[in-house]
2 protein chains.
Amino acid sequence: MTTAVTTNEVTLAVSTVIFALGPEGLRIPLVRRIRQPFEGQWALPGGPIETREPLEAAAGRNLLETTNLRSTYLEQLYCFGDVDRAPGERVVSVVYWALVRSDEAELAVEGENVRWFSADDLPPLAFDHNVIVDYALWRLRTKMEYSQIAHAFLGETFTLAELRRVHEAVLGRPLDPANFRRQVEASDAIIATEQHITGGRHRPPRLYRYDTSVALTDNGPLNKKSEARRVVS
Amino acid sequence: MTTAVTTNEVTLAVSTVIFALGPEGLRIPLVRRIRQPFEGQWALPGGPIETREPLEAAAGRNLLETTNLRSTYLEQLYCFGDVDRAPGERVVSVVYWALVRSDEAELAVEGENVRWFSADDLPPLAFDHNVIVDYALWRLRTKMEYSQIAHAFLGETFTLAELRRVHEAVLGRPLDPANFRRQVEASDAIIATEQHITGGRHRPPRLYRYDTSVALTDNGPLNKKSEARRVVS
């Protein structure tokens, strides 16, 4: 695990786009590069893979080393391999994306070389990392519409207002509360519990939960393997 | 373009799953391995990438060299990087999938070391290629339900019966014609033309076409780049 992989002609790297929901919307942590190329510019956390390290474990390591966090949602996004994406060498990057809850993100520490940015308002990043983040944002927003991905930003149970705020923050636009309630109630994936928020309110809001029989990361036949890896990473 | 990439510790390869629709359902071409490991076993077409070759161009080359075909649909599927997927070395494979029409597939030549197999009834393949094909099949079947991917198997215009036969062949089960017609007519993606099949029939079937303003390979912000590459590959 300690020998960095360098190749004769192609370097294989893993990078990770980490999304967290803050009060002002989607945020991602970036790392300042301390060497050339792009010295001083911000970049996605990542680096060359180790010879005996599974790809997903490398992504988990990026996440842990950058933010001191582990993610419940870590999935392969895309492999970026443009010939000229790194100056002077061929670097192919397998990119993962991770989603962390806001209470988890609060545990993350910023430093001189690690800082959280608004995902929609990034500086010019090293390499093709702006393209990668744009693609990850597009995938996240597309996937919100047909999957349980919002779950990764929520606790075990949540109110409809909390769920709506996650959707609004990811989509970057307000949603009509009544329409949203109708959509959720028509969905099989979200289940009303008998619990309500405790407190002195006249009509305390009901708590909901996701149908956990459906996997959060749906990779069909790859799921089982992926689950096994998650324990390690 | 002629120097094969070998790396000190990790080999980066591209493999391609090629689906065609034949009269008996989905078929894929495989290549017999002529060297160790897995000598004599069938495998997906592929090999190490060239230092200056874009990943998608390598996949297009796999397709062309194996089948003498070019595909209108060529998309990245997943990057497979398990540490022990190849005996004695670390090989990370970026896998693409291609869809070809049956009239195109008829142009493909079989040889001693290239043969077409039923996608649902494969022999034990080299490496983890059975897992890769299972994943590609799952993705294809899932994607049929929410995208225009069936278009890749059809000509510019088609009858509802032709479209239904594509769905049936991919899903591997019969579909109710009346229900299928209702679903298609409710969809914005499929447009009725004023043309009908020519011939001596009393009520010649109407021809339909896809809404071509929607890209077949929908990778959001990556689409434009991908289209540009397609011309090259």
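Visitor: Why is A:Glu75 called buried?

Guide: Glad you started there! Buried means under 20% relative accessible area, exposed means over 50%, and partly exposed lies in between (1.4 Å probe, protein chains only). A:Glu75 has a relative accessible area of 4%, so the residue counts as buried under that definition. A word on the source: this is a predicted model, in which local features need pLDDT of at least 70 and side-chain atom pairs count only at pLDDT 80 or more, while totals for chains, interfaces and linings use all residues. Residues are numbered from 1 along each chain as its sequence is written, chains are lettered from A and ligands numbered from 1 in the order in which they are written, and side-chain values use heavy atoms, with hydrogens and water left out.

Visitor: What makes the pair A:Glu75 and A:Lys143 a salt bridge?

Guide: The definition asks for a side-chain nitrogen of Lys or Arg within 4 Å of a carboxyl oxygen of Asp or Glu. Here the N to O distance is 3.1 Å, so the pair meets that definition. A:Lys143 is buried as well, at 10% relative accessibility.

Visitor: Which parts of chain A does this pair tie together?

Guide: A:Glu75 lies in strand S5 (residues 73–80) and A:Lys143 in helix H3 (residues 129–144), so parts that are 68 residues apart in sequence are tied together. Helices (H or I, at least four residues) and strands (E, at least two) are DSSP runs, numbered from the N terminus.

Visitor: How do you know that the salt bridge of B:Asp84 with A:Arg52 joins two chains?

Guide: The closest N and O atoms of B:Asp84 and A:Arg52 are 3.1 Å apart. B:Asp84 sits in the loop between strands S5 and S6 of chain B, and A:Arg52 in the loop between strand S4 and helix H1 of chain A, so the pair joins two chains. Both B:Asp84 and A:Arg52 are exposed.

Visitor: Why are B:Arg61 and B:Glu65 said to be about one helical turn apart?

Guide: They are four residues apart in helix H1 (residues 55–67) of chain B, hence the separation of about one helical turn. B:Arg61, at 22%, is partly exposed, whereas B:Glu65, at 58%, is exposed.

Visitor: How many salt bridges are there over all chains?

Guide: The structure holds 18.
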